[in-house]
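Dear colleague,

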Amino acid sequence: MEAGGAGEVDHLAGERATAQFDVDHMKVAWAGSRHAVDVADRMARLVASDPVFRKDNRTMLPRKELFKDTLRKAAHAWKRIVELRLTEEEANLLRLYVDQPGYVDLHWGMFVPAIKGQGTEEQQKKWLPLAYKFQIIGCYAQTELGHGSNVQGLETTATFDPKTDEFVMHSPTLTSSKWWPGGLGKASTHAVVYARLITEGKDYGIHGFIVQLRSLEDHSPLPGVTLGDIGGKFGSGAYNSMDNGVLRFDHVRIPRDQMLMRLSQVTKEGKYVHSNVPKQLLYGTMVFVRQTIVADASKALSRATCIAVRYSAMRKQFGPQTGGPETQVLNYKTQQSRLFPLLASAYAFRFVGEWLKWLYTDVTHKLEAKDFSTLQEAHACTAGLKAVTTSATADGIEECRKLCGGHGYLNSSGLPELFATYVPACTYEGDNVVLLLQVARILMKTVSQLASGKQPVGTMAYMGNVQYLMQCKCGVNTAEDWLSPAAIREVFEARALRMAVNCAQNINRAPSQEEGLYELSPDLLEVAVAHIQLIIVTKFIEKVEQDIPGEGVKEQLRNLCNVYALYLVHKHLGDFLSTGCMTARQGALANQQLGKLYAQLRPNAVALVDAFNYTDHYLGSVLGRYDGNVYPALYDEAWKDPLNDSPVPDGYREHLRPLLKQQLKLSRL
Ligand SMILES: CCCCCCCCCCCCC/C=C/C(=O)SCCNC(=O)CCNC(=O)[C@H](O)C(C)(C)COP(=O)(O)OP(=O)(O)OC[C@H]1O[C@@H](n2cnc3c(N)ncnc32)[C@H](O)[C@@H]1OP(=O)(O)O
Ligand SMILES: Cc1cc2nc3c(=O)[nH]c(=O)nc-3n(C[C@H](O)[C@H](O)[C@H](O)COP(=O)(O)OP(=O)(O)OC[C@H]3O[C@@H](n4cnc5c(N)ncnc54)[C@H](O)[C@@H]3O)c2cc1C
């Protein structure tokens, strides 16, 4: 059943009637524009109405069948994209709503962007049309068995042979085997492979190469190429639809012009030439994908909260001592204090993701004009926001599962699979700890430059206000004072800056900078988190300050923004107190205000998740159904399990019957 379909009984109608805002306009605020709502709606319904895209049986499929099902869906999606002449925007949405991880994600999400970002114009002309028409399938082969986080530690070699004008790709050790790339195991014909470039006997470090892996005739691995899938992964269904792979090269030769040569080149004679650009542009594809991962975090968290809010509104437990109807679990203050911050986080991540997309586009234009001044800002923001939003989302999905009680543990709730599919986002595209340490290092550098009078820019500009922020006192006197965006912003800025300065001072006391960074790395993580949370809060405040049409929409967003900020104050109160940014009393007032905000949010909760405009197909959850008619659906779903194919289970004759007979004999003794 789909959102708002005709002829349904809406068990959540009462909840929808209490909303104090225009849901239709909230859909626009969430999606970004009326056009975005319409096109997403069209694509979601197209997928939901196509039986090939059915996914309710996914967690019951054995791996081989699941993989075949993924191939079928990807091929069918492509057929529909071509038949319907979908635009790029429509095609991306259609793939999103198919909602099954597969090789296409890496083909479009990493292989194509790597060629676009690191290939010369000539290389793009040659390879992109093939990729756009799916005449080749590509993946992104960077990580190895021995090294993932430490990119500079990769071992695969690409040695130039001037005699034949070729590179020789080789995996010299077991640990140099490529390990993890999605789409590599079974589907890809090509890969962008990251390897150490060796020419004229010198190792020039990591570079990208386009390598053909499989025959375009029969898909068999090419000579010298060993390929396979790395095995089953966490959870049922989930990321097991993806063929994460292993790859080894035994002296495989590729033409010289398959080195991605936009940033550096090797001449026919074997001379290495590096263009006058920062080396870090090699990491550009990762920066691009980290940015998309932030947008995906809001999608995953909004799905989980949509399920938990709708289910909590229909689920009833206990009741007043005086008798009468049982209480909707959403009315319990504990349920609200666990769930509403997650709902607010979903909105916060949506808006910071929107801003990050803008930042990424802006930086890309500057890079094209050879202005590299914002590269560090792009790295810090994408890495930090990727880390903070994915960790909070993974934890949030698991919390939503618990918020749904026992039924949340059933596959049919959709939450176990959502969690299992989502949780590797904390690791891929950079382990979150490794990424936060990158942010912290940049913050430490910024603090050290403050003394020289260098003014920080972009999201670090607040650090320039060091004199004021190091000594300012929070002016909150009443719970309502916490509704002031200026007060919120100031305490978040003061907390982030004071933590950074304290940490920098402690590092300076260490025997060396390196030792200090090493010893204080747990503190550095917290410094980075404080800075990134400030960015999220600030971008939410800025969003709410914009013109937002629709009755009550702005007020709801303001509430959500305040919930997000004050929840963080409550959660990290130790930081705010230990840095002297506020008093314990002010902390208590923040918590008091939070309780009031939850009460204001309560009548709007179901409508706020309706504004995500998700179809029942995309949600994939019996508990999150739009109509709230959960129990019959749960009951029906149970009977679909293959274990219920027969009343007497397989194995009865061999293992149950003899046992039961033996017990019978014993009881006769
Ligand atoms: C239909 C379309 C849908 C699209 C949706 C997308 C779908 C995608 C789905 C997702 C599927 C998942 C697929 C997963 C893929 C992968 O996981 S690919 C592999 C990812 N691997 C990593 O992320 C590795 C992480 N490691 C690193 O990034 C680096 O090794 C490091 C940790 C950053 C360290 O780098 P290193 O070169 O050793 O340098 P440092 O000494 O630390 O730093 C040197 C200077 O460089 C700066 N810097 C580092 N990184 C960047 C960067 N990316 N950009 C710009 N600058 C960078 C760093 O700050 C240092 O600066 P200075 O101090 O000024 O020198
Ligand atoms: C589902 C999935 C899909 C993937 N897809 C791809 C793909 O398509 N292409 C590709 O190339 N790769 C892919 N990867 C690999 C992924 O990018 C790496 O796993 C990731 O970058 C983490 O690296 P690692 O595995 O080496 O972790 P490690 O670095 O070994 O991490 C292990 C532990 O060490 C800690 N640690 C590491 N370094 C430091 C440090 N300097 N300081 C403090 N702690 C540290 C980490 O925090 C972590 O706790 C994928 C991975 C997964 C799980």
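Around ligand 1 there are 28 residues, where a residue counts as near a molecule if its C-beta atom, placed from the backbone, lies within 6 Å of it, and those that come nearest are Gly109, Gln280, Tyr283, His379 and Gly430. Two or more residues of this shell are given by each of helix 5 (88–98), helix 6 (103–118), helix 8 (284–314), helix 10 (375–403) and helix 12; helices (H or I, at least four residues) and strands (E, at least two) are DSSP runs, numbered from the N terminus. Helix 8 gives the largest share, 4 residues.

Please keep in mind that this is a predicted model, in which local features need pLDDT of at least 70 and side-chain atom pairs count only at pLDDT 80 or more, while totals for chains, interfaces and linings use all residues. Residues are numbered from 1 along each chain as its sequence is written, and chains are lettered from A and ligands numbered from 1 in the order in which they are written.

Turning to ligand 2, the shell has 21 residues, of which Gln142, Thr143, Gly148, Ser149 and Val433 come nearest. Strand 1 (138–141) and helix 12 (432–450) each supply at least two residues of it, and the largest share, 3 residues, comes from helix 12.

Why does ligand 2 lie between domain 2 and domain 3? Because domain 2 (136–276) and domain 3 (284–318 + 325–456 + 479–610) both give residues to its shell, the domain bounds coming from an automatic or database domain assignment.

With best wishes
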